[in-house]
Amino acid sequence: MALQENDHPASGGGAVSEHGADEGFAGLDMEAAHFFVVAARCGCFMQAARSLSVKPTLLRKKLGVLAAWAGHPLFQHQGNALVLSPEGRRLRTQLAARLAVLSPGLAQNEDQPLVRIAVAEPLLHDILGRDLLAFLRQHANVRLELARLDEGEAPAADTDLRVWLAPPGDATPWPGFASAHQVCLAQMEYLPHIAKRYSRETSRPRSLVELADYMLVDLHGYAGIEALRPWNLAIAERRAGVTRVNSYEMLRQMIQWSACIGLLPHYVSQLDKNLMALPALFEPRMDMQAWLAVRAGEEEREEVRRLVALVHAAFDERRDWF
């Protein structure tokens, strides 16, 4: 809904009228003008800030600059409603008609470049999901294509940014494209987990023999990952008591609610206190690393830089997990 309009007629004079002619736009801050048109269209400063991908404080500052230029307040309160002032209505009409001509780059429906990001499902579910939701809430004008990567799955050929899991090793893992920025974000140990409600700590399985009395749930993508070889061997040797799923979220749910034991990153107990790790069941350790890579040539794009900063911040915030 657009901002409500004041029904009182606009005065005939004033600074806005003087700026109404084309030649009267001298000294106009075009970015502030664009911010004003969007704020008037959205009817809400917060939503306008999201649409513009700016902080609300910057939006208000720019609107103050424009009001000072016009020489009149552009908004006013009527009860609990924020409405355009008569001068604000007049300026909005003038700017909406002329903005694209004065500065085509600020046109209302300017195309936004598409950003393609592929994220390993465990990292999306456990670490990045909340931050990506916040990013979209704050940047309503971006074009984002988000792909969930299953374990071992390669990204699409046109992926701009990839966050994935790879076994540790001397060689830097190949992200699937030539990269300009590639970094290891964290290393995590994979351990079998069980819900505490189904096994007290004093009676939890402490050997592979005792593990035989429990249903094992396996993620389909684990097969073939050399770093998870001890677990995969245990699954392969089973002739009963195995369930395979193709969703990390379903794996978590089955461990939590079906008295199953499944392989999860060691940090999950930080997310769900009901899940308990079962250490010392498998040797050697099963480790995986989280990696971030950006396609070469895309690293300078503003949207890509924002997403790279988001990924780094999400892992830094949880550094004590690793």
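**Overall make-up**

The model is predicted. The protein chain has eleven helices and twelve strands. Of its 322 residues, 49% are buried. Among contacts in the chain between residues at least 6 apart in sequence, 77% join residues at least 24 apart.

| Helix pair | Residues | Axes | Angle |
|---|---|---|---|
| α6 and α11 | 121-138 and 302-317 | within 10 Å | roughly 130° |
| α2 and α4 | 30-42 and 56-70 | 8 Å apart | about 110° |

The axes of α6 and α11 come within 10 Å and cross at roughly 130°. The crossing of α6 past α11 is right-handed. On the α6 side, the contact is made by L123, I127, L128, R130, D131, L132 and F135. On the α11 side, R306, L307, L310, V311, A314, F315 and E317 take part. Sorted by class, the residues of this contact are ten nonpolar and four charged, with no polar ones.

Helices α2 and α4 pack at an angle of about 110°, their axes lying 8 Å apart. This angle makes α2 roughly perpendicular to α4. The residues of α2 that meet α4 are E31, A32, A33, F35, F36 and A39. Their counterparts in α4 are L58, L59, K62, L63 and L66. By class, the contact between α2 and α4 has nine nonpolar and two charged residues, and no polar ones.

**T159 in its loop**

T159 sits in the loop that runs between β5 (143-149) and β6 (161-166). Is T159 buried or exposed? Its relative accessibility is 4%. Buried means under 20% relative accessible area, so T159 counts as buried.

A polar atom of the T159 side chain lies 2.9 Å from the backbone oxygen of A156. Leaving aside residues up to four places away in sequence, T159 touches R116, A118, F177 and R295. The loop position between β5 and β6 thus comes with a buried residue that has contacts to residues elsewhere in the sequence, R295 among them.

Conventions
Residues are numbered from 1 along each chain as its sequence is written. This is a predicted model: local features need pLDDT of at least 70, side-chain atom pairs count only at pLDDT 80 or more; totals for chains, interfaces and linings use all residues. Side-chain values use heavy atoms; hydrogens and water are left out. Helices (H or I, at least four residues) and strands (E, at least two) are DSSP runs, numbered from the N terminus. Buried means under 20% relative accessible area, exposed over 50%, partly exposed in between (1.4 Å probe, protein chains only). A polar contact is a pair of N or O atoms within 3.5 Å; within protein, one must be able to donate a hydrogen and the other to accept it, and residues adjacent in sequence count only if both atoms are side-chain atoms. Contact means heavy atoms within 4.5 Å. Axes are lines fitted to C-alpha atoms, for helices over the stretch in contact, and angles run from 0 to 180 degrees between N-to-C directions. A crossing is left-handed if the near helix is turned anticlockwise from the far one by less than a right angle, and right-handed if clockwise. Ala, Val, Leu, Ile, Met, Phe, Trp, Tyr, Cys and Pro count as nonpolar, Asp, Glu, Lys and Arg as charged, and the others, Gly among them, as polar. Angles under 35 degrees count as roughly parallel, over 145 as roughly antiparallel, 65 to 115 as roughly perpendicular and the rest as oblique.
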